[in-house]
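Let's take a friendly walk through a protein chain together. Keep the sequence and the 3D view side by side as you read.

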Amino acid sequence: MSTRRNTPRAEAGTGFVLDIDNLSRRPGSMTEIQRTIVAPTRIGLDAIAIEKGSPVDLDLRLEAVSEGVLVTGTVRADTAGECSRCLEPVSGAVDVYLTDLFAYPSSVTEDTTDEEEIHRVVDDQIDLQPVVVDAVGLELPLHPLCRENCQGLCSECGINLAIAESGHNHEIVDPRWAGLAAKFGVDPVSSTELVNNEAEEK
């Protein structure tokens, strides 16, 4: 087994496309990649994602196998978004583990697998971006929270309930009584109480 180690940091212009021309096609040959790249686009979900321009750490092993190049390792990056309840900013990090095969041209795997079901080696390069996009999308929460017990926003006035006064609430006038209350100058609160009392009697 031959092993090569490639450990550049923050290389300009490398991106998610990796050259494998220095990786022999002999099964068992391997190279390791450790670098930090800049996210070329926003990666993630609507509510939370790795922002464009954010650093993304790659710690990968590329191994030649009979049908292609097997990529394993981790991708780490900071994330930013907003709480799905109170809409306050949310920050965090995502750490995903990759295991993906990139098939050689004219290999049995390439010839017998639908195009959308497998990744491919093209011109002695592999493009990790689709793999990372899928993995990060599955790892991130659909409804991120600033904290587990976030109370969200008041449905009436929109204030963040975390900073609202204790016992924050709104008296809601039943629309059946609102017109009469306005016409006869009746206190809306009294009309509300009347509706509540009526409901209790039933």
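This predicted model holds zero disulfides. A disulfide is a covalent bond between the sulfur atoms of two cysteines. You can check this yourself by finding cysteine 83, whose nearest cysteine sulfur belongs to cysteine 86 and is 3.7 Å away. A pair of cysteine sulfur atoms has to be within 2.5 Å to count as a disulfide, so cysteine 83 is in no disulfide. Now look for cysteine 150: the nearest cysteine sulfur, that of cysteine 146, is 3.7 Å away, and cysteine 150 is in no disulfide either. Are these two residues buried or exposed? Cysteine 83 is buried, with a relative accessibility of 0%, and cysteine 150 is buried too, at 6%.

Next, zoom out to the whole chain. The secondary structure consists of four helices and ten strands. Of the 202 residues in the chain, 33% are buried. The chain exposes about 12300 Å², and 48% of that area comes from carbon and sulfur atoms. Contacts tell you something about the fold as well: among those with a separation of 6 or more, 57% join residues 24 or more positions apart.

Threonine 79 sits in strand E7, which covers residues 68–82. Threonine 79 counts as buried because its relative accessible area is 6%, and the cut-off for buried is under 20%. What does threonine 79 touch, leaving aside residues up to four places away in sequence? Its partners are Ile48, Ala49, Ile50, Val90, Ser91, Gly92, Ala93, Val94 and Leu140.

Finally, visit two loops. Leucine 87 is in the loop between E7 and strand E8, the latter spanning residues 89–103. Its phi is near 70 degrees, a positive value in a residue other than glycine. Leucine 87 counts as partly exposed because its relative accessibility is 47%. Further along, aspartate 123 lies in the loop between strand E9 (119–120) and strand E10 (125–127). Aspartate 123 also has a positive phi, near 55 degrees, and is a residue other than glycine. With a relative accessible area of 69%, aspartate 123 is exposed.

Technical notes
Residues numbered from 1 in each chain as written. Predicted model: local features only at pLDDT ≥ 70, side-chain atom pairs only at ≥ 80, totals over all residues. Heavy atoms only, no water. Buried < 20%, exposed > 50% of the residue type's maximum accessible area, 1.4 Å probe, protein only. Contact = heavy atoms within 4.5 Å. Areas by Shrake-Rupley, 256 points an atom, 1.4 Å probe, with all protein chains shown as cover.
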